[in-house]
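Have the viewer open as you read.

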Amino acid sequence: MSKVTDFVERVKTERDAQILVAGILFFTIAFPVAFASAAAGVEGAGLSAVGDYVVNGEVETILLEESGEYIQDGDEWPVSQTSDAVRNEIETAGGNVIGIRITLTYDEDETASGATCGVAGGNAAADTITATLDHNEMTETGSGENPGSHTVDLTWVNLSLLDEEVISGLSGSDITDQLTAGEAGLGAYDIVIGVSAATGNAGFGCERTDNGEDVSWKIELLVLDFTVAPFIEVDATL
Ligand SMILES: [Ca+2]
Ligand SMILES: [Ca+2]
C-alpha cells in the first residue's frame, strides 16, 4: 500500500487522522479569508478615517544659488529665484516644495590703523548679518553676528507632524493635506541679505574701520517626500 492510500485509509477509520485533515482544511481556508478581510478593512477605511497614523518623511534640498558679496554697512543685497530654474530637480525629488533655506557664513574684516595699534588695537565689534526670505506673502527673517554663520528657513506646511511618533485625532487625508504644498510651493522666492556693521574701540593713536562685511550664502529649496500609513499596534506578547 502506498503512503497516500495508507493515509486515506487512516482518515476513513482513525479519529486523529480525521482531526488532522479537518485542521489542515480549516487553516488553508480560514487564513486567506481572515487576511483578506483584515486587508479589506484597512483598504476600505483608507486614509479618510480619523484615527492613529504614522508619517515617514524626508526633506531633500535643491541648490538654487551659491554665491557671495561684499555688502556695505546699511546696504541690502536682493536675490530673486524661481522654481522654474530647477523644475527638473523638483520633479525628480517628488514635486512637493515645502520651503526655502538660506545658509550664510561671514567673517570679520575690521581693520586697525595707526602707530599705536600694536598695543592699543582694541577689539572688533560684531556686525549683524540679516537674511529675509519671502514667498507668496509669507516671510521669515533671521540674523547672526560675525564671525560665524546662521540659517533661515521659511516653510509653509505643518512640519511638526514629522516630529510625532503617532498622530492621533486626524484623518490620513488631513495629514496629507497639511504636508502637501502643491502649486503654492512653486513660483518666485525673494531673498534680501543685509549687513549692519559695527566698529570696535581702539586706544589713543589707533583707529578702527569697518565698512561692511563679506558674506557668503547658499540658497536651497526644501522638498518633502512622505508617506502616511495607519498605525497598527503590534502586541509584543503574542
Ligand atoms: Ca565689526
Ligand atoms: Ca565687518
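N136 sits in the loop between β5 and β6; helices (H or I, at least four residues) and strands (E, at least two) are DSSP runs, numbered from the N terminus. This is a predicted model, in which local features need pLDDT of at least 70, side-chain atom pairs count only at pLDDT 80 or more, and totals for chains, interfaces and linings use all residues. Residues are numbered from 1 along each chain as its sequence is written, while chains are lettered from A and ligands numbered from 1 in the order in which they are written.

Although N136 is not a glycine, its phi is positive, near 50°. E137 is in the loop between β5 and β6 as well, and this non-glycine residue has a positive phi of about 65°. N136 counts as partly exposed because it has 15 C-beta neighbours inside 10 Å, whereas E137, with 5, counts as exposed. The scale behind these words, with C-beta atoms placed from the backbone, is: buried if 20 or more other C-beta atoms lie within 10 Å of a residue's own, exposed if 12 or fewer, partly exposed in between.

Next, look at the loop between β6 (138–145) and β7, where P147 lies. The peptide bond from N146 to P147 is cis, with omega near -5°.
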